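Biologist: I am new to this structure. Please take me through it in short steps.

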Amino acid sequence: MSGERREVGLVGKYELHDELAQGGMATVFVGRLVGGAGFTKCVAVKRVHDHLARDEELVALMLEEARLTQHIRHPNVVATLDVEAGERELLLIMEYVHGQTLGELLKTSARVRARVPVEVAASIMHGVLLGLHAAHETRDASGSPLSIIHRDVSPQNVMVGADGVARILDFGIAKAVDSVAHTRTGELRGKVPYMAPEILRFEPASRQSDVWAAAVVLWETLCARRLFVGEGMTLWGKILTSELARPGDVLGEPTPLDAIVMRGLARDRSERYATAAEMAAAIESAVPLAPAPAVASWVMGLAGPSLAQREAILQAIASRAPRAPTSWPSLVREEAASLVASTSSERNIVPPEAPPRRSRAPWVVSALLAVAVLVLLGWRLPR
C-alpha cells in the first residue's frame with residue numbers, strides 16, 4: 001500500500017478508497033461516510049464479490065445477520081454500522097480499526113522468527129473471548145436472546161489495534177454463506193481448520209463451537225504454526241480423531257496456558273468451558289495479561305511501517321473535500337450522460353436544444369384581471 005490515495009468509487013453515501021484486504025467472499029476498503037453539513041467519518045467497507053452480491057438468497061441472509069449483529073455493543077467487537085444493498089452491490093459498513101489482523105501479525109512474526117510473548121497472546125485472546133461472550137449474550141430490544149454464534153473465529157477475523165485492543169469481526173457472515181452452501185450442496189464452506197468437531201458432524205453450532213475455535217487460535221498464536229494442516233477428508237480426520245499436542249510440548253517447555261488450551265480443544269463439547277467468559281477468566285487467572293500499551297508496542301514492532309503508510313492515506317482522504325452522495329440511479333444517469341457527451345464529441349454532433357417551455361404567467365395575469373372586473377361590477381362569486 002502506497003501513501004498515494006486511490007479513490008475506487010462512490011456508492012450511496014460512502015466513498016471507497018484504498019483496498020485493505022481481499023478474501024474469497026469480499027474485498028475490504030478504507031471508506032468514508034459522507035453525511036450532511038460536511039460531516040465525514042472513516043469506516044471500513046466490505047464489498048461483497050459480484051457473484052455473491054447477485055445471489056438473492058445469500059444477500060437476504062446476510063442482511064438478516066447484519067440486522068442481528070447490530071445489537072452487539074462491546075469494545076472487543078468491531079461494530080457493524082450499516083448495510084448498502086443495491087442492484088449491483090452489497091456493502092457491509094464496519095467500524096474502522098487502525099491495526100492489523102492477527103493472521104497477518106502471526107505471518108510476520110513467523111517470518112522474523114519471533115515468538116509471541118505469552119502475556120501478549122493471553123491479552124489478545126482474553127479480549128476476543130470477552131467479545132464472543134458479549135455476542136453470545138446479546139438480546140434484542142424486547143430482551144429476547146438472539147443466540148448469535150460467530151462460527152468463523154480465526155486469526156483472519158481478529159483485529160489487533162494499534163491501541164493494543166483485540167477485536168473480533170465478521171459476525172454472522174459465515175453463517176449466511178454456510179446456510180446457503182449447506183442447503184444447496186450438503187457441504188460445509190468456511191475455514192475448516194477452525195471448525196469444531198460437532199460442526200463437521202453437521203450438528204448445530206453453539207457458543208462452545210466458538211470456544212473451540214478460540215482455543216485453536218490461541219494454540220497457533222503460542223506455537224507460531226498451524227494446528228490442523230491438510231486437505232479434504234484428511235483434514236477432517238485430524239480434527240475429529242488425531243492426538244493433539246499441548247503448546248508446551250511443541251515449544252519444548254510448558255506454558256501457563258497449556259491446560260486452558262487443551263480444555264478448550266476437548267472434542268466433547270460438554271468438557272469444554274461452558275462459556276467464552278469462563279475461558280477468559282481462566283486465562284486471566286493463569287497469567288498476567290499484557291496491558292494495552294504493551295500489546296500496541298508488539299503490533300507496531302511487526303506492522304509499524306504498513307500502518308504508517310495507511311495513516312498517510314487516511315490523512316490524504318481526510319484532507320479532500322467530500323463528494324456529494326450519489327445513489328445508484330444517479331450513477332447510471334451520470335454514466336449515460338457521460339457516454340452521450342463523449343459520443344457527440346467524437347462525431348462533432350451538437351445535441352439539439354430542448355424547445356423552450358411556454359410560460360404560464362399570462363394565464364395567471366388574465367385570471368386576476370377577470371376577478372377584478374367582477375368585483376368592480378358588484379358581482380358576487382357563488383359560495
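Biologist: Is P145 buried or exposed?

Modeller: This is a predicted model, where local features need pLDDT of at least 70, side-chain atom pairs count only at pLDDT 80 or more, and totals for chains, interfaces and linings use all residues. Residues are numbered from 1 along each chain as its sequence is written, and side-chain values use heavy atoms, with hydrogens and water left out. Buried means under 20% relative accessible area, exposed over 50%, and partly exposed in between, with a 1.4 Å probe and protein chains only. P145 has 54% relative accessibility, so P145 counts as exposed.

Biologist: Which residues is P145 in contact with, leaving aside its neighbours within four places in sequence?

Modeller: P145 is found in the loop between α4 and β8. Helices (H or I, at least four residues) and strands (E, at least two) are DSSP runs, numbered from the N terminus. Contact means heavy atoms within 4.5 Å. Beyond those sequence neighbours, P145 is in contact with T138 and R139.

Biologist: What is the phi of S147?

Modeller: S147 lies in the loop between α4 and β8 (158-161). S147 is exposed, with a relative accessible area of 54%. S147 is not a glycine, yet its phi is positive, at about 55 degrees.

Biologist: Where is R113 placed?

Modeller: The phi of R113 is positive, near 55 degrees, in a residue other than glycine. R113 is exposed, with a relative accessible area of 78%. Its place is the loop between α3 and α4 (118-136).

Biologist: How many residues of α4 are buried?

Modeller: Take its length to begin with. The expected span of a helix is 1.5 Å times one less than its number of residues. The 19 residues of α4 should therefore span 27 Å, and its end C-alpha atoms are 26 Å apart, which agrees. α4 is mostly covered, and the buried count out of its 19 residues is 15.

Biologist: Which residues have the most contacts inside the largest nonpolar core?

Modeller: A nonpolar core is a set of buried Ala, Val, Leu, Ile, Met, Phe, Trp, Tyr and Cys residues joined through side-chain atoms within 4.5 Å. The largest one has 65 residues, and those with the most contacts inside it are I124, L132, L218, L265, I283 and W298.

Biologist: Is E220 buried or exposed?

Modeller: E220 has its place in helix α7. Not counting residues up to four places away in sequence, E220 touches P155, Y194, R225, R226 and L227. At 4% relative accessibility, E220 counts as buried.

Biologist: Which helix gives the most to the lining of the second largest pocket?

Modeller: On a 1 Å grid over the protein atoms alone, a pocket is an open set of points where a 1.4 Å probe fits, with protein on both sides within 12 Å along at least five of seven lines; lining residues have an atom within 4 Å of a point. Residues lining the second largest pocket include G103, K107, Y194 and E220. With four residues, the helix that gives the most is α3 (residues 102-111).

Biologist: What share of the protein counts as buried?

Modeller: The protein has 14 helices and nine strands. Of its 383 residues, the share that counts as buried is 45%.
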